[in-house]
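The following exercises concern a predicted model.

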Amino acid sequence: MARTAMAAVHDGRGTTLDIREVWVADPGPGEVLVRMGASGVCGSDRHVIDGEWHLPTPTVLGHEGAGTVEAVGPGVTDVAPGDSVILSWYYPCRRCRACAAGKAWACTGTRSGECLLPDGTTRLSDERGVVYPYLAVGTMSEYAVVPESAAVRVPSELPMDVASLIGCSITTGVGAVTNNARVPAGASAVVVGCGGVGLAVVMGLVLAGAHPIIAVDTSEEKLAAARSFGATHTVQAGPGTDVAAAVADLTGGGADYAFEVIGRVETIETLPSLLATAGVGVLVGLPPEGARAGIDVLELAEAGKTLIGSNYGGAVPGLDFPRLAGLYLAGRLPLDSLISHRIRLEEVNEAFAAMRAGTRTRSVIVF
Ligand code: APR
Ligand code: ZN
């Protein structure tokens, strides 16, 4: 039986989302209907709304979410009605070479980037026709229909607001440290940009035992948050501040690891200057489509520095989501403190305005 759901819809024009009803069809074979419990408001949603990335429209936004399985389609065996699940915005096809190699984050068979289910359609519509779920999840909606491989079961005692964050920012940030960079204990690290994802990088560095952990942001409020999560030093970026010199002072010549977590070409270009010889720079923030960066390649080569890309924290959702949930439940990841605002779906546009102004740590829509 199809149902309606209130959802935050991007029509491809303007920078505000429309809060309106969409129709949600029953889950097909291999699909799962999820009643959403919470959806985080992430920087990647803003990239779409602000026209930096282009997608089919109309789109139900949101890709950082968790909920409860309401129903399953034919053939689904991984989850059952009543299960708590975190949604993965990059569903693995489970058939390509990357999936076979255990690298779900590099899957080439997924259609999540096209906002399509594996059969090339969606289960959402309105009176004008097809509606697309952002990254095949579309979590800013009361209901979502996702492929079985995008719904990862987690313990039911995990609160929904916290669970939603594991669906993107936490996995992206902690995974960049533990899966991509594999930071060893005692290494020095700098994090440029301390929004929800950057603060998750700080948490990951604390877990890894990095020292010192230097947080850089333009906002003093974000730097205070970074200190509360375990950053040992902070540097406020802005006109007249030489961030590279400050980092060199604090680390005795440059950091072993540097993470860019904003998605700005200008800050990505500064990564090599923050690093010690043989240091590793990690690109976590996602820039606008087509962006190109200029770096001093001779210096990079001579100093033996490495730049690596990090997408979704190099995560295998079926493995990493339950692990991160377990760390939270064991008191090792202070995820509650990351949530600065719990909001209703109708308040999502205010949350994006606050994100553009840099004034909130993380807003989470609670359904
Ligand atoms: N120097 C330092 N910090 C900056 C600068 C700058 N020039 N410009 C912006 N910032 C800070 C902001 O103050 C903010 O704290 O960068 C942070 C960006 O955080 P959010 O906008 O909250 O974004 P977030 O959700 O954390 O995502 C960051 O990661 O996964 C990607 O697509 C996502 O590209 C996005 C990035
Ligand atoms: Zn995200």
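**Exercise 1.** Is arginine 46 buried or exposed? Determine also how its salt-bridge partner, aspartate 50, is classified.

*Solution.* 
Step 1. The relative accessible area of arginine 46 is 18%.
Step 2. Buried means under 20%, so arginine 46 is buried.
Step 3. Arginine 46 forms a salt bridge with aspartate 50, and their closest N and O atoms are 2.8 Å apart.
Step 4. Aspartate 50 has a relative accessibility of 26% and therefore counts as partly exposed.

**Exercise 2.** Classify the two residues of the salt bridge between glutamate 299 and lysine 305.

*Solution.* 
Step 1. The side chains of glutamate 299 and lysine 305 meet at 2.8 Å, N to O.
Step 2. Glutamate 299, at 30% relative accessibility, is partly exposed.
Step 3. Lysine 305, at 11%, is buried.
Step 4. Elsewhere, salt bridges that share partners join Asp11, Asp18, Arg20, Asp126 and Arg128 into one network.

**Exercise 3.** Why is one side of strand E13 and of strand E16 left without a neighbour in the sheet?

*Solution.* 
Step 1. The open sheet has six strands in the order E13-E12-E11-E14-E15-E16, with parallel pairing.
Step 2. Strands E13 (233-236) and E16 (306-309) stand at the edges and each have a single partner strand, so one side of each lacks a neighbour in the sheet.
Step 3. From one strand to the next, the twist averages 20°.
Step 4. Within this order, E11 (residues 189-192) and E12 (residues 213-217) pair in the parallel sense over four bridges. Valine 190 stands opposite isoleucine 214 in E12.

Methods: Residues are numbered from 1 along each chain as its sequence is written. Chains are lettered from A and ligands numbered from 1 in the order in which they are written. This is a predicted model: local features need pLDDT of at least 70, side-chain atom pairs count only at pLDDT 80 or more; totals for chains, interfaces and linings use all residues. Side-chain values use heavy atoms; hydrogens and water are left out. Two strands pair if DSSP finds at least two bridges between them. Helices (H or I, at least four residues) and strands (E, at least two) are DSSP runs, numbered from the N terminus. Axes are lines fitted to C-alpha atoms, for helices over the stretch in contact, and angles run from 0 to 180 degrees between N-to-C directions. A salt bridge is a side-chain nitrogen of Lys or Arg within 4 Å of a carboxyl oxygen of Asp or Glu. Buried means under 20% relative accessible area, exposed over 50%, partly exposed in between (1.4 Å probe, protein chains only).
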